[in-house]
Amino acid sequence: STGQMELTWLSIRGEDRLNLALDLNRSGLLTEAERGVRQAPDSVPLAGDPDPARHRSLIARSKSAELTGGWTTSLGAEGSSFNLNASARLEESHSFSGLDTVRLTNPDGVSVLRSFNASDPLGRRRRTQTYGLGATLVNPLGSWKLTTTLDANHLRKRTMTERGADTSEIEALAAGGVLAIDGPLPVIEPGQQQVARSRTSSIKSMFNLEGHPLSLPAGEVTMTAYGGYEWYRIIGRNSDLATGSTRLTRGNMRGGVNLSVPLTSKRKGAWGAVGDISLNLNGAVEDLSDFGSLITYTTGLTWKPVPDITLQASYIHAEKAPDLSQLGDPVLQGFNVPVYDFDRGVTALVTVTTGGNPLLTRETRRDIKLSAS
C-alpha cells in the first residue's frame, strides 16, 4: 500500500511570486513470499524452519517528507529578475534481506541449510536528511544576458545494517556429531549492527554570459561563457574499524566557452547551394584541489544539405575526476542480495560490498561521433 499527500500554496502580487509546497509519501512493505517469488534451490532451508522469503523485501517500508519554497521578483524595468529557493527533505526506509542461515554438515558428509532468528531478521534502516538553498540573478547587459547562481546543499545519511550471526560454534557441534543437523537449534545471538554515517556539503557559485559577439554572412555567432568556483566536503564514518573513516575536501575552479558559428545558410543566401553548415566549438578547464587540471573540448560540424537530412560529426576529449562520494562514501555490506548469474543462468544470494574507493583515478575519454538523420 502507498499513500501520498501534496499541499501547495501560491501567491502572485505584481512582479512577486511566492510558492510553498509540502509533499508527504508513505509506502508499505512487500516481501518475496507475498508475490510468490521462486527461490534459488540452494537457498531453501530445511522444512519446518522459518521461510526467509517472508523476511526478504521486494519493496522497503518507507516514508518521506519534503518542504520546498521559491520566491521570484523583478528588479527594475530593464528585465532583471531575482529568484530565491529553499528545500528540506527527510527520508526513512526499512528493508529486509532474509534470515540468518547456516549449512550444517554431519560426520557422514550429509548437509542441510538451516534458517533461524525469525524474530530478528536481517535488515537495513536508512535515514537521509537533505537541505538546500539557492539564489539566481538574471541581468540583461545590452544584447547580452548575465546569469549568476549560488547554491548550497547539505546531506546527512545514516545506514544501519544487521550483520549475520556467528554460526561457527553450531557448525563445529554438527561436524562432531553432537548436534543433529535436522534437530532443534540452540539459541544463537543475532549479529551486531554495522552503522555507517556520512555528511556531504557543497557550495557552488557560477556566472553564465550569453550573447552574439559577431555577425557573419550566414548568421550570428552565438557565444556562452561561464566560470565559477565549487567547494565540496564529505565526512564518512563506519562502525567497522576495518574500514575506518574518511574526510575529503575539494575546491574546483572552472571556466569554459561555447561557440556556435554558422558557415553557410540557404535562408541568408550565404553559399546556400551546399546547404546549411554550422561549426560548434566547446572548451572547458577545471582546476581541482586534489586532482590538478582537467581539460575538456569538443569540435563538431552539422550539415543540412536538404531540409529533411541532417549530418553531424564531432570529436570529444573529456577528462573527469571521480566525485567525492565515489572516493569517500563509507563502505557497506548488503547481505542475501539476489544477483543473476548470466553465465550459469541461476540467481544466487550474495554479499554485496558498496562504498567509496579512495584509489580511483581520473578518467580520460575520447569519442568520435558520426550521425545521419
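The protein holds 19 strands and two helices, in a model that is predicted. Its radius of gyration is 29 Å, whereas a compact globule of 373 residues would have a value near 21 Å. The C-alpha trace spans about 95 × 50 × 40 Å along the principal axes.

**Overall build and surface**

- Of the 373 residues in the protein, 30% are buried, and the accessible surface amounts to about 22200 Å², with 55% of that area belonging to carbon and sulfur atoms.
- When contacts between residues at least 6 apart in sequence are considered, 66% of them join residues that are at least 24 apart.
- The charged side chains number 39 positive and 39 negative, and the centres of these two sets lie 5 Å apart.

- Strand E1 covers residues 2-13 and lies largely in the open, because the number of buried residues among its twelve is one.
- E1 pairs with strand E2, which covers residues 16-27, in the antiparallel sense, and twelve bridges connect the two strands.
- Within this pairing, Gly3 stands opposite Arg26, a residue of E2.
- Two residues lie between E1 and E2 in the hairpin that they form, and Gly14, which is in the turn, has a positive phi of about 65 degrees.

- Asn117 is not a glycine, and yet its phi is positive, at about 60 degrees.
- This residue, Asn117, is placed in the loop that runs between strand E8 (111-116) and strand E9 (123-141).
- With a relative accessible area of 18%, Asn117 counts as buried, because the cut-off for that class is under 20%.
- Trp271 is likewise a residue other than glycine with a positive phi, here near 50 degrees.
- The loop that holds Trp271 lies between strand E13 (246-264) and strand E14 (276-288).
- Trp271 has a relative accessible area of 58%, and it is therefore classed as exposed, for which the cut-off is over 50%.

Definitions and conventions: Residues are numbered from 1 along each chain as its sequence is written. This is a predicted model: local features need pLDDT of at least 70, side-chain atom pairs count only at pLDDT 80 or more; totals for chains, interfaces and linings use all residues. Side-chain values use heavy atoms; hydrogens and water are left out. Helices (H or I, at least four residues) and strands (E, at least two) are DSSP runs, numbered from the N terminus. The radius of gyration is taken over C-alpha atoms; the globule rule is 2.2 Å times the number of residues to the power 0.38. Buried means under 20% relative accessible area, exposed over 50%, partly exposed in between (1.4 Å probe, protein chains only). Contact means heavy atoms within 4.5 Å. Accessible areas come from the Shrake-Rupley method with a 1.4 Å probe; for residues, only the protein chains shown count as cover. Lys and Arg count as positive and Asp and Glu as negative; His and the chain ends are not counted. The place of a charge is taken as NZ of Lys, CZ of Arg, CG of Asp or CD of Glu. Two strands pair if DSSP finds at least two bridges between them.
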